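Please open the model in your viewer and keep the sequence panel beside it, so that stretches can be selected by residue number.

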Amino acid sequence: MIDIIKARVNDICYSDDTITRFNIEKEGRFYNCINYNRLTGKIEKNDSVLLNTTAVELGLGSGGFHFVLANLTRDIYMNIGKGHIMKLRYTPMQINCMAAEAQESPYHEIYNSFESLECMPVIVGSLHSMVAPISRTLKDLAGKKKIVYIMTDGGALPIWMSDTVKRLVKDGLISATITYGNAFGGDFECINIYTALITAKQVLEADAAIICMGPGIAGTDTKYGFSGIEQSHIVDAVNNLKGKAIAVPRLSFADSRERHFGLSHHSRMALGRLCCTKAHLALPKLSGQKWELINKQLEDSGILLKHEVSFWETHQVEKLLEKEESQLDRMGKSFSQDKEYFVTCGLSAFLTIS
């Protein structure tokens with residue numbers, strides 16, 4: 001069951017077209033809240049709202065926010081958009097959208113005549129924090145002009161949750177966004193990974209695409225129980241459509257958890273065990289104990305046998321990403337605190353250069 005409370009909007013902290021952040025006071029404590037304006041309409045100070053408080057009550061992530069279910073102050077209004085494809089299907093929050101491939105879409109026939117991605121480079125990551133370093137190096141080091149971000153439904157479902165995406169779009173690093181599955185809010189909506197890739201290539205004419213989940217990831221400390229496992233079937237989808245699949249390994253020496261130290265078990269499982277087709281991987285040249293550990297993890301996982309792995313000098317990427325220090329974050333760690341993680345993301349851009 002979900003935890004629901006009724007509360008009054010106290011102070012509005014931030015608002016744009018898609019999202020409003022505010023706080024409430026409950027039993028002497030203040031709580032941060034989010035309203036998705038295109039789901040539950042506009043809110044203002046002193047409005048009475050229903051809030052889903054489940055994640056905060058359980059002490060989970062979700063940014064530490066309560067989420068608005070309904071605004072009890074505003075009159076009922078009709079805000080039905082175009083399109084008949086539903087996302088969040090059969091839930092109280094189900095919404096309709098214009099899927100790019102739907103019968104009523106002007107792009108419908110493109111999906112029937114599509115044949116190939118024609119080796120379009122597609123960088124497949126496993127965490128939302130990878131999107132910023134990948135897009136920066138794609139633009140500045142690989143010279144890609146039109147970069148499309150495809151957001152999966154492995155993390156946050158509304159793309160509006162991501163301040164990173166808003167900044168990257170504003171800065172011109174991302175040209176357009178696509179959300180598929182039950183993720184929503186992108187410039188284009190799609191039903192699955194295949195039609196999302198076709199949209200990037202045929203509709204948006206992308207020079208390169210980045211695929212990662214939205215903010216957040218589900219994990220259970222088991223071999224198969226994590227949402228980042230999607231990286232394996234996304235790589236296969238790219239290859240099935242004759243694109244160039246570039247997989248980003250999750251590599252870190254700043255993570256104290258044994259399963260994520262060095263090459264994360266998420267990467268070892270998704271890429272070593274579950275991928276059915278070959279991807280291209282770029283890793284930093286390391287030395288000493290770091291190299292010994294990574295080499296052993298690559299061999300033991302089967303990644304070296306299955307994929308095309310290359311090792312790169314990191315000076316260019318480091319120099320570029322050092323300037324982005326304030327904009328790069330992974331679980332509270334900055335570029336300088338988790339350098340190998342961000343550098344590995346950035347190196348993937350070199351593999352897009354033919």
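This is a predicted model: local features need pLDDT of at least 70, side-chain atom pairs count only at pLDDT 80 or more; totals for chains, interfaces and linings use all residues.

Residues are numbered from 1 along each chain as its sequence is written, and side-chain values use heavy atoms, with hydrogens and water left out.

**The sheet**

Begin with the open sheet of 6 strands, whose order is S1-S5-S6-S4-S3-S2 and whose pairing is mixed; strands here are DSSP runs of E with at least two residues, numbered from the N terminus, just as helices are runs of H or I with at least four, and two strands pair if DSSP finds at least two bridges between them. Select S1 (4-8) and S2 (12-15) to see the edges, where each strand has a single partner, so one side of each is left without a neighbour in the sheet. From one strand to the next the twist averages 35°.

S2 and S3 form a hairpin, and 3 residues lie between them.

**Helices H6 and H7**

Next select H6 (residues 193-203) and H7 (residues 230-240), whose axes come within 10 Å and cross at roughly 50°; axes are lines fitted to C-alpha atoms, for helices over the stretch in contact, and angles run from 0 to 180 degrees between N-to-C directions. That angle makes H6 oblique to H7, given that under 35 degrees counts as roughly parallel, over 145 as roughly antiparallel, 65 to 115 as roughly perpendicular and the rest as oblique. Show side chains for Ile193, Tyr194 and Leu197 of H6 and for Ile234, Ala237, Val238 and Asn240 of H7, which make the contact (heavy atoms within 4.5 Å).

**Helices H11 and H12**

Finally, select H11 (residues 315-322) and H12 (residues 339-347), which pack at an angle of about 110° with their axes 9 Å apart, and are therefore roughly perpendicular to each other. Here the contact is made by Val317, Glu318, Leu321 and Glu322 of H11 together with Lys339, Phe342, Val343, Gly346 and Leu347 of H12.
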